[in-house]
2 protein chains.
Amino acid sequence: MNNHTESEENYIKALYYLGGEATVASGALANRVGAKGPSATQAVRRLASKGLVEVIPYKGVKLTLDGLTLAKHILRKHRLWETFLVEKLGFGWEEVHSIAEQLEHIQSRELVEKLAEYLDSPAHDPHGDPIPQADGKIPPAVGKPLQQFPQGSSLKVVRVEDAGTDFFTQLDLLKISLGKEYTLKSVSSFDFSIQLQAEEGESFWLSHSMSSNIYAISL
Amino acid sequence: MNNHTESEENYIKALYYLGGEATVASGALANRVGAKGPSATQAVRRLASKGLVEVIPYKGVKLTLDGLTLAKHILRKHRLWETFLVEKLGFGWEEVHSIAEQLEHIQSRELVEKLAEYLDSPAHDPHGDPIPQADGKIPPAVGKPLQQFPQGSSLKVVRVEDAGTDFFTQLDLLKISLGKEYTLKSVSSFDFSIQLQAEEGESFWLSHSMSSNIYAISL
DNA sequence: TCAAAGGTTTAGTTTTACCTAAACTTATTT
DNA sequence: AAATAAGTTTAGGTAAAACTAAACCTTTGA
């Protein structure tokens with residue numbers, strides 16, 4: 001029950017990403033893993049025979065409890081490795097995803113726990129996403145999207161959505177990173193863009209699509 | 001030319017281990033990777049079609065220059081990861097091999113170089129084996145087997161052969177580790193066992209099969 | 001409600017990577 | 001030099017994991 005291929009793990013991860021414990025359509029699953037429909041149907045059958053998912057033909061797929069546990073464990077590894085890559089090796093946050101996608105498949109319980117310890121058992125990864133713990137519990141996802149803050153509020157950026165390389169590049173350009181504090185100066189009622197002001201006086205505008213991927217807490 | 005499967009990399013690694021640049025019999029190769037003869041024949045054909053090896057049927061297989069470069073790169077990754085696992089995560093040297101066998105297949109040039117830098121560009125891994133450098137050069141293998149030292153000589157352990165779990169367990173039991181210094185008190189002319197004396201006076205005997213896997217330099 | 005559209009599954013093919021059994025080379029021994 | 005032993009390759013089979021084309025459900029729209 002403990003030996004899975006990379007492909008299997010990728011399907012499990014995708015299932016978790018798309019629906020958590022809910023039912024997912026095979027087309028969406030195929031799409032997520034970058035395969036065509038029939039490949040997903042077939043893969044899902046293999047997973048079902050290992051007791052990781054339940055399938056209702058023409059209806060959808062759902063993770064079993066075992067599948068859910070596995071999904072969270074893979075996510076744990078992914079986010080721990082991301083943390084390692086950024087904190088210890090000095091990678092930028094846009095570069096780590098594809099490497100962590102490989103590292104998350106390394107099989108060694110002991111390695112995962114030693115790595116977690118080495119990183120001081122973090123609850124959140126470099127993007128601010130919660131890292132599932134060894135017991136399966138998931139720390140709360142912190143922050144609300146910037147739009148939900150009223151004008152004039154003081155806030156701290158605590159999380160960014162993984163919205164692709166271009167998004168991260170833009171964040172770097174604007175020198176936005178986790179922990180930075182801003183005052184929300186104004187919100188355009190025309191295009192919902194947002195004006196932020198940093199401590200040191202510089203202020204700048206963020207498009208709606210940028211700001212909706214940035215999460216903060218109020219100070 | 002830069003995209004290889006894990007299986008392919010395992011065959012390349014085995015070929016390098018068994019013969020370096022020399023010709024290797026397909027049976028020995030199969031044996032090393034834990035497969036049967038026909039699997040090796042087939043695998044070797046795939047490698048040949050990618051220009052990584054040259055085959056003479058019924059005679060043997062040999063790495064090409066590309067194959068050799070790849071082999072050294074994989075070995076570099078393996079030994080860097082071993083170093084990481086021992087130095088940073090606190091693994092014992094007997095535990096790291098199987099985990100490094102997985103990690104060595106992670107594909108990211110940048111990761112390898114950042115890891116090397118993080119470890120201070122080591123020339124040797126935790127067993128004292130040389131780590132191939134980014135340019136393909138291999139640092140000298142240090143030390144001679146204990147038997148080659150005359151009675152009465154002072155020596156420092158600098159390298160141990162990877163001779164399996166039981167060997168490492170025995171080393172731990174005897175508290176032998178890299179960097180430790182001893183005086184070679186006597187050599188039995190009956191069974192070639194060796195008597196070592198540590199600084200703090202304790203002395204003990206090593207069987208021939210133990211001592212032939214332990215390498216040292218004289219002080 | 002019934003038919004077209006859209007999504008899903010089946011059928012059949014490909015590649016990697018392993019296997020066993022049989023055929024074939026090479027080496028050894030008498 | 002011929003026979004046998006040892007090692008290698010071919011032949012044919014299986015499983016994972018992907019694909020395309022065709023058949024099959026479901027849903028939706030006229």
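How many residues of chain A are in contact with chain B? Select both chains: 21 residues of chain A touch 21 residues of chain B, where contact means heavy atoms within 4.5 Å.

Before going on, some housekeeping. This is a predicted model, where local features need pLDDT of at least 70, side-chain atom pairs count only at pLDDT 80 or more, and totals for chains, interfaces and linings use all residues. Residues are numbered from 1 along each chain as its sequence is written, chains are lettered from A and ligands numbered from 1 in the order written, and side-chain values use heavy atoms, leaving out hydrogens and water.

Stay on the A/B interface. About 1700 Å² is buried there, with carbon and sulfur atoms giving 67%; buried area is the accessible area (1.4 Å probe) that two parts lose on being put together, summed over both. Now color helix 4 (65-87), helix 5 (96-103) and helix 6 (109-118) of chain A, the elements that each give two or more residues to the side touching chain B. Helices here are DSSP runs (H or I, at least four residues), numbered from the N terminus. Helix 6 of chain A gives the most, with 5 residues.

Next, select DNA strand D.

Zoom in on Ser39(A): a side-chain N or O atom is 2.5 Å from a phosphate oxygen of DNA strand D. Then find Gln42(A), with a polar side-chain atom 3.1 Å from a base nitrogen of DNA strand D.

Notes
A polar contact is a pair of N or O atoms within 3.5 Å; within protein, one must be able to donate a hydrogen and the other to accept it, and residues adjacent in sequence count only if both atoms are side-chain atoms.
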